Amino acid sequence: MTQDAVDRIIGQWREERPDIDDLLPMEVFGRVYRVAAVMGERVQQAYQRFGIGRGEFDVLATLRRSGEPFNLSPKQLSDTLMLTTGGMTGRLDKLERTGLITRTPDPGDRRSLRAQLTPAGRELIDEAVTAGLAVQREAVSRLDPADARHLADLLRELASAIPR
């Protein structure tokens, strides 16, 4: 098995701090962080071709996967994306200016608006999802399919075991 940067870091810690017995957590999260950083950048580049960043992608994708009629309240979007309402307002303003969403009155609350995916927004997000998934698929294709499935299952277990 080839050594990576995390192996070198672990080796340095073993040399400098032999009193630390268990460096496995550092190995796991060191690799998770590195994979996330590299893949985040690659996926971001795929989205840039469509004139959007990760933040705009997240809003559009949340609206798209919500199903017809592809509209949600800013609060629903904020809760789903774990974003402050101020941060959400900025993203919605940008998406509205570019014609990818509109804001429509909320029939259940006349004081608020709902973000609505436009046809142009739906077309763009469908293309961007496909482009981002292609980048991810290419990376995962380097693993045996059974190993990729096992990795996904292990990461789900780990994520659910970490208290929020």
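How many salt bridges does the structure hold? The count is 15. The model is a predicted one, and the stops below can be selected in turn.

**Stop 1: a salt bridge between Asp-4 and Arg-31**

Select Asp-4 and Arg-31 and show their side chains. The two form a salt bridge, in which the closest N and O atoms are 2.8 Å apart. This pair ties together distant parts of the chain, 27 residues apart: Asp-4 sits in the segment before helix H1 (5–16), while Arg-31 belongs to helix H2.

**Stop 2: a nonpolar surface patch**

Stay with H2, and select Leu-24, Val-28, Val-32, Tyr-33, Val-140, Leu-143, Leu-151 and Leu-155. Together they form a nonpolar patch on the surface, with about 680 Å² of accessible area. Two elements give two or more residues to the patch: helix H2 (24–48) and helix H7 (145–161). The most comes from H2, with 4 residues. Val-32 is a patch residue that lies in H2.

**Stop 3: helix H3 against helix H6**

Next, select residues 54–65 for H3 and 119–140 for H6. Their axes come within 10 Å and cross at roughly 105°. Angles of 65 to 115 degrees count as roughly perpendicular, so H3 and H6 are roughly perpendicular to each other. On the H3 side, show Phe-57, Leu-60, Ala-61 and Arg-64; they meet Arg-122, Leu-124, Ile-125, Asp-126, Ala-128 and Val-129 in H6. This contact has 7 nonpolar and 3 charged residues, and no polar ones.

**Stop 4: helix H3 against helix H5**

H3 contributes Gly-55, Glu-56, Asp-58, Val-59 and Leu-60 to the contact, and H5 contributes Met-88, Arg-91, Leu-92, Lys-94 and Leu-95. By class, the residues of this contact are 5 nonpolar, 1 polar and 4 charged. Leu-60 is among the residues that H3 brings to its contact with H6 and among those that it brings to its contact with H5.

**Stop 5**

Which kind of peptide bond joins Glu-68 and Pro-69? It is a cis bond, with omega about 5°. Pro-69 lies in the loop between H3 and strand E1 (71–72). Phe-70 lies in that loop between H3 and E1. Although Phe-70 is not a glycine, its phi is positive, at about 60°.

Notes. Residues numbered from 1 in each chain as written. Predicted model: local features only at pLDDT ≥ 70, side-chain atom pairs only at ≥ 80, totals over all residues. Heavy atoms only, no water. Axes fitted to C-alpha atoms, helices over the stretch in contact; angles between N-to-C directions. Parallel < 35°, antiparallel > 145°, perpendicular 65-115°, else oblique. Contact = heavy atoms within 4.5 Å. Nonpolar A, V, L, I, M, F, W, Y, C, P; charged D, E, K, R; others polar. Patch = residues over 30% accessible without salt bridge, like charges linked within 9 Å, V, L, I, M, F, W, Y side chains within 5 Å. Areas by Shrake-Rupley, 256 points an atom, 1.4 Å probe, with all protein chains shown as cover. Salt bridge = Lys/Arg side-chain N within 4 Å of Asp/Glu carboxyl O.
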